[in-house]
Amino acid sequence: MRPRGPGLLLAALLAAALPLAGCAQSVDPLERLGKKAAEGVRPHGPTAQPPYRRWGLAAPLAPAPRPSAHPPTTGTAGPGLPPVVSRVRTRDRVVFLTYDDGAEKDPRFVDMVRELRLPVSMFLTDSVVGPGYGHFVRLQSVGATIQNHTLDHPAMRGLPYAGQRAEICGQQDKLRTRFGHRPHLFRPPYGTYDTTTRHAAADCGITALILWQATTDPNGTLTYTQPPTHLSPGDIISLPSAETSPMTLRERTTKTLRAAQAQGLTVASLENYV
């Protein structure tokens, strides 16, 4: 027998190693990757909750009806004066969420509006918002609309025309600078107004004064300005700032949404109706 040369010996050794290499391929890939690398390929946990559950609702909000090309005539008006609206006359099963002042600036409320696609109207007072306009720019970017609630939040009734005009037009100018447009809706502080208020508002480009049919207290409980004492189609709901509330703005909003759903209602954009 001829002795094996170095080349033949190497070939034999490689052939013997092949089965071992094949066995190596059967090792758990996670073991080969190592613990840290394996974390990137392990199955993820349970599927994340849908947004409505994440924000405390038992069911998703029904979509709002397609807006009419011609919004309904609402409220009380006079010659050349903007109407005063607390409830929209509509058969659509919708209510409207409005927020006053601008004292509460919870970043998670921005997430709530975005994830639930909530059509909300923010009535801002310059002296209350202070340096926090950036929060409302973010809210506007996720679908909120920005409206006027005066510069300094005075009770308007009885003030002279010049003072009322300064409060309304001054905030119109502030909001145009901050948000790129002049609002067309105005909420008088405390819901008080007179004919002078309506004249001043009209002269500042306001097309309607917005009051409310229902409002929330610090505990998120709805109270009503007149019967019926439950939500009805077309109701405007005011969620005022409540910095001392035991509930966050998100929690008060969730409680309001649950009340609306209990009456078979959903939320629509006030600006599509007024």
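Predicted model: local features only at pLDDT ≥ 70, side-chain atom pairs only at ≥ 80, totals over all residues.
**Close-up 1. D100 sits in strand β3.** D100 counts as buried because its relative accessible area is 9%, under the 20% cut-off. Who does D100 touch once its neighbours within four places in sequence are set aside? The list runs F123, H149, R187, S238, L239, P240 and S241. There's also T125 to look at: 25 residues separate T125 from D100 along the chain, yet their C-alpha atoms are 7.8 Å apart.

Close-up 2. Leaving out residues up to four places away in sequence, H149 touches D100, D101, F123, L124, T125, Q171, F186, R187, P188 and P189.

**Close-up 3. Strand β10 (residues 236-239) has buried residues pointing both ways.** I236 and S238 point one way, I237 and L239 the other, and all of them are buried. Now for the strands alongside. β3 and β10 run parallel and are joined by four bridges, with L97 standing opposite I237. β8 (residues 214-216) also pairs with β10 in the parallel sense, over two bridges. Which residue of β10 is the bridge partner of A214? That would be I237.

**Close-up 4. Helix α5 (residues 107-116) has a buried set made up of F109, V110, M112, V113 and L116.** These five sit on the same side of α5, because they cover an arc of only 160° around the axis. What do the buried residues of α5 pack against? Their partners are α4 (51-54), β3 (94-101), β4 (120-124), α7 (133-141) and α10 (249-262). Have a look at the two ends of the helix, too. At its start, a side-chain oxygen of D106 comes to within 2.9 Å of the backbone nitrogen of R108. After α5 comes R117, which has a positive phi, near 55°.

**Close-up 5. The largest nonpolar core has 34 residues, and M122, L124 and L257 touch the most other members.** Two or more residues each come from β3, α5, β4, α7, α8 (161-179), β10 and α10. The largest share, five residues, is from α5. Zooming in on M122, and not counting residues up to four places away in sequence, the contacts are Y99, F109, F136, L139, A144, T145, I146 and Q147. Apart from this core lies another one, of 25 residues, including V85, V88, F186 and A208.

**Close-up 6. Zooming back out, the protein has 10 helices and 11 strands.** Of its 274 residues, 42% count as buried. The accessible surface comes to about 14,700 Å², and carbon and sulfur atoms account for 57% of that.

How values were computed. Residues numbered from 1 in each chain as written. Heavy atoms only, no water. Buried < 20%, exposed > 50% of the residue type's maximum accessible area, 1.4 Å probe, protein only. Arc of directions from axis to C-beta. Contact = heavy atoms within 4.5 Å. Polar contact = N/O pair within 3.5 Å; in protein donor to acceptor, adjacent residues only side chain to side chain. Pairing = 2+ DSSP bridges. Core = buried A, V, L, I, M, F, W, Y, C linked by side-chain atoms within 4.5 Å. Areas by Shrake-Rupley, 256 points an atom, 1.4 Å probe, with all protein chains shown as cover.
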